[in-house]
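Subject: Structure handover: salt bridges

Hello,

Here is the structure for you to look at. Please open it first, then read the notes below.

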Amino acid sequence: MKKKSIITIGENLQKIRKSNGYTQEMLAEKLECSTRYISDVEQNNSKPSYEILIKFCNVFNIGLDDIFKDYLNIDKGRIVNYELNGYENLKTKDKSTIAHLISFFNKEINNKK
């Protein structure tokens, strides 16, 4: 957990947006705000409203804890991995490839034990 007096989440929001293949323009349209506002929030020049945060979470099917993870004292036994946020948007063939890769790597780990 970061020990800062100022909470900045712009970088997390940007990582989530990019990992889901969204441009700032696409996200602005979904959130019904301006592209400039998205840019300002991602650069920590502006703080998002509660309404925007809720819409953001709903667009990407995440919780607020995924955004504020660096500032919360919660341990859910998981690591937030922004690259995986877009998994549900993948084609079935690509999901299958990922599942096979995970199985392969898990077998490698188990063989080394």
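First, a term: a salt bridge is a side-chain nitrogen of Lys or Arg within 4 Å of a carboxyl oxygen of Asp or Glu. Side chains of opposite charge can pair when their charged atoms come close.

This is a predicted model, where local features need pLDDT of at least 70, side-chain atom pairs count only at pLDDT 80 or more, and totals for chains, interfaces and linings use all residues. Residues are numbered from 1 along each chain as its sequence is written, and side-chain values use heavy atoms, with hydrogens and water left out.

How many salt bridges does a search of the whole structure find? It finds 5. Three of these follow.

Arg36 and Asp40 form one, at 3.4 Å, N to O. Both sit in helix H3, 4 residues apart, about one turn of the helix. Helices are DSSP runs (H or I, at least four residues), numbered from the N terminus.

Arg36 is exposed, because its relative accessibility is 58%. Asp40 is buried, at 17%.

Glu32 and Lys55 pair at 3.1 Å, N to O. This pair links distant parts of the chain, 23 residues apart. Glu32 is in the loop between helix H2 (24–31) and helix H3 (35–42), and Lys55 is in helix H4 (residues 50–60). Glu32 is exposed at 65%. Lys55 is partly exposed at 31%.

Lys69 and Asp70 also meet, at 2.9 Å, N to O. Lys69 is partly exposed at 30%. Asp70 is buried at 19%.

Best wishes

Key:
Helix = DSSP H or I, 4+ residues; strand = E, 2+ residues; numbered from the N terminus. Buried < 20%, exposed > 50% of the residue type's maximum accessible area, 1.4 Å probe, protein only.
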